[in-house]
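Colleague: I would like to learn how to read a few features of a model like this one, beginning with the surroundings of the ligand. Could you take me through them step by step?

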Amino acid sequence: MSLTLEKILVRSLTDIKNQPNKNITKSDIIYCLMEAIGKDKSYIITNHDKEIDSNQLIKFNFFFDSLKDGMPLAYVLGNQFFYKYKYYVNHNVLIPRPETEIIISEIINRGDQIYESKKNFNIIDAGSGSGCIGLSIASERGRWNIILSEKSLDASKILNKNYQSEYRDNCFLVMSDWLSAFKEGTADIIVSNPPYIETNCTEIARSVSDYEPTEALFSPDGGLSDIKRIVFESKKVLKKDGLLFIENGFDQSEKVVEILKENYYKDIDIILDYNNIKRFTVSRKP
Ligand SMILES: C[S@@+](CC[C@H](N)C(=O)[O-])C[C@H]1O[C@@H](n2cnc3c(N)ncnc32)[C@H](O)[C@@H]1O
């Protein structure tokens, strides 16, 4: 039996009304339809009477069933927009978050001021995951050297795919346990969005704990163990006056500032995210 786009939309909306706890929106369904038929949003909205073929229907049903199972939309579709770019994702990498986007323009602003006076300008994105931070900066500033570093082999396969998909010849991929692979005085800027959720935390959405990679989420010592390591190791790897940008959890900013002060970092600034949460610190090498 052939089905029009409108019938599928109506049928799916009725289906999700009967499962209110699933948090699936009309927009999620439209994204699944877009991916299944390979068209954009305006096509779906303006072509309600178009029929979809059986292969497209199988694809759509697969996506919709995965959503109903609780899988995040980005994993269902295999991609996520971040800043101005689209990144491949799978269950081996964290889904890029909107609250992380803010750091791209902050780094570009600060980097533009430093770059003028430097020939060899290096940024390390430590724990790159999908590569969303480093690759977005690389796309915006083609003359800066961006080093994408990751410890997880599985994550690095997606990182490599994103790097290859829009080859940026100013990027380098390095496997490293935080900053251990880097020589003294390598970087002008180090940025990291490390795992920062306390290991035993139970207040975490099922869609996150069931689907996203443990090594991207959890850190012992109140969620601060990886942050402490990055702060400590950055002191060696940053150049003189180099900057460290680090993301933290919604209630960790004061503790991160303490860790930075204990390590003698200077000029510590706190950066708010879109929800006015103290999400990042930027500070200068001691
Ligand atoms: C919170 S995710 C951030 C991913 C990406 N930068 C983003 O913002 O979406 C943390 C990343 O750090 C990586 N990671 C965890 N422990 C690491 C370590 N010891 N050394 C390097 N990377 C590590 C994880 O594999 C994961 O990709």
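Modeller: Sorted by class, the shell around the ligand comprises ten nonpolar, seven polar and five charged residues, where Ala, Val, Leu, Ile, Met, Phe, Trp, Tyr, Cys and Pro count as nonpolar, Asp, Glu, Lys and Arg as charged, and the others, Gly among them, as polar. Bear in mind that this is a predicted model, in which local features need pLDDT of at least 70, side-chain atom pairs count only at pLDDT 80 or more, and totals for chains, interfaces and linings use all residues. Residues are numbered from 1 along each chain as its sequence is written.

Colleague: How many residues surround the ligand, and which are the closest?

Modeller: A residue is near a molecule if its C-beta atom, placed from the backbone, lies within 6 Å of it. Here 22 residues surround the ligand, the closest being Gly 127, Gly 129, Lys 151, Asn 193 and Ala 216. Two or more residues of the shell come from each of α7 (132-140) and α10 (214-217), helices being DSSP runs of H or I with at least four residues, and strands runs of E with at least two, numbered from the N terminus.

Colleague: How many bridges join β12 to β13?

Modeller: Strands pair if DSSP finds at least two bridges between them; five bridges join β12 (residues 266-272) to β13 (residues 278-284), and the two run antiparallel. Lys 266 stands opposite Arg 284 in β13.

Colleague: Is Asp 267 buried or exposed?

Modeller: A residue is buried if 20 or more other C-beta atoms, placed from the backbone, lie within 10 Å of its own, exposed if 12 or fewer, and partly exposed in between. Asp 267 counts as exposed because it has 10 C-beta neighbours inside 10 Å.
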